[in-house]
Structures are given as C-alpha cells and as structure tokens.
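This briefing is meant to be read beside the sequence and the coordinates. Please keep both at hand while going through the points below.

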Amino acid sequence: MPSLGAVFADRVNAKIARVFQRLADSCLFAPVDGATPYTRLVSLDDNGSEIAASANEYVPELVMRAEFLLSEGDVNSGDIFTIGATECRLTQKVSTDSVCVTYVYLQM
C-alpha cells in the first residue's frame, strides 16, 4: 500500500499537470534527434528581464523560458518548437521538477 505522503504527492502533481494543460499553448515540437515532429503543450514564461553580472556591471538581460510537461516526452537542448509563426530553439535547462522541465530558448 502506498504511503499517505506518496498518494498526496501524486494528487498534487496531477492537479499541477491539469492546470498546466489549461493554461499552455500548443506548439509543433521537433526533437533534435531527428524524430518526427509532434504537437505538444508549451508554457512561455513571463520572459521578463533578469539581472546578469557582466564585467562588474549589472545589465538587464532578456531571458526567455519555455516550460514543457515531462509526461508528453523528452526535452533536450537543441530541440525546436514552433508556436504560431515563430520558431524557437531550446538552449539550456533551467529547472526540472516532478511535473515540468524549463529551458531557455532563442527565437530563430
């Protein structure tokens, strides 16, 4: 029998996934390994400016992040997603948790 904590964690993760599905947008996702592109959900972060240290100065820098559900498949640096008419390439993983993974992306 699963522990009460595991059952609670599963329920919370399921709720987070359902909220993500309601708020996210569909995109065409092309894996870097050459697999067939497919449609999946993406949530674009608010993409505000962050402070980056550079040459002893603090310069505002635009950082664009995209979040994907882990349950919809693997996500890797170099993958490309297209939302609307905008094509974007994933560059660096920012974070991952039990439900989602977040990457920095560049518009191409």
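Among contacts between residues at least 6 apart in sequence, what percentage join residues at least 24 apart? In this protein the figure is 47%, where contact means heavy atoms within 4.5 Å. The model is predicted, with local features needing pLDDT of at least 70 and side-chain atom pairs counting only at pLDDT 80 or more, while totals for chains, interfaces and linings use all residues. Residues are numbered from 1 along each chain as its sequence is written, and side-chain values use heavy atoms, with hydrogens and water left out.

**Overall make-up**

- Along the sequence, the elements follow the pattern α-β-β-β-β-β-β-β-β.
- Of the 108 residues, 29% count as buried, a term that stands for under 20% relative accessible area, with exposed meaning over 50% and partly exposed in between (1.4 Å probe, protein chains only).

**The barrel and its helix**

- Six strands close into a barrel in the order 1-2-5-8-7-6, with antiparallel pairing; two strands are said to pair if DSSP finds at least two bridges between them.
- Neighbouring strands of this sheet are turned by 45° against each other on average, direction ignored, with axes taken as lines fitted to C-alpha atoms (for helices over the stretch in contact) and angles running from 0 to 180 degrees between N-to-C directions.
- Helix 1 (residues 4–23) packs on the sheet and touches strand 1, strand 2, strand 5 (65–69) and strand 8 (100–107), and its direction makes about 125° with that of strand 5.
- Strand 1 (residues 25–30) is joined to strand 2 (residues 38–44) by five bridges, the two running antiparallel, and strand 1 also pairs in the antiparallel sense with strand 6 (residues 80–83) over three bridges.
- Leu-28 stands opposite Thr-39 in strand 2 and opposite Thr-82 in strand 6, whereas Phe-29 stands opposite Tyr-38 in strand 2.

**Aromatic side chains**

- Four aromatic pairs are found in a search of the whole structure, a pair being rings of Phe, Tyr and Trp (its six-membered ring) whose centres lie within 6.5 Å, with planes under 30 degrees apart counted as stacked, over 60 as edge-to-face and the rest as tilted.
- Because Phe-29 lies in strand 1 and Phe-68 in strand 5, the pair ties together parts that are 39 residues apart in sequence; both residues are buried.
- Ring pairs link Phe-29, Tyr-38, Phe-68, Phe-81 and Tyr-105 into a cluster.
- Arg-40 lies over the face of Phe-29, at 4.7 Å from the ring centre, which meets the criterion that NZ of Lys or CZ of Arg be within 6 Å of the ring centre and within 35 degrees of the ring normal.

**Cysteines**

- Zero disulfides are found in the whole structure, a disulfide being a pair of cysteine sulfur atoms within 2.5 Å.
- Cys-27 is in no disulfide, and the nearest cysteine sulfur, that of Cys-88, is 9.0 Å away.
- Cys-27 is buried, with a relative accessible area of 3%, and Cys-88 is buried with a relative accessible area of 2%.

Notes
Helices (H or I, at least four residues) and strands (E, at least two) are DSSP runs, numbered from the N terminus.
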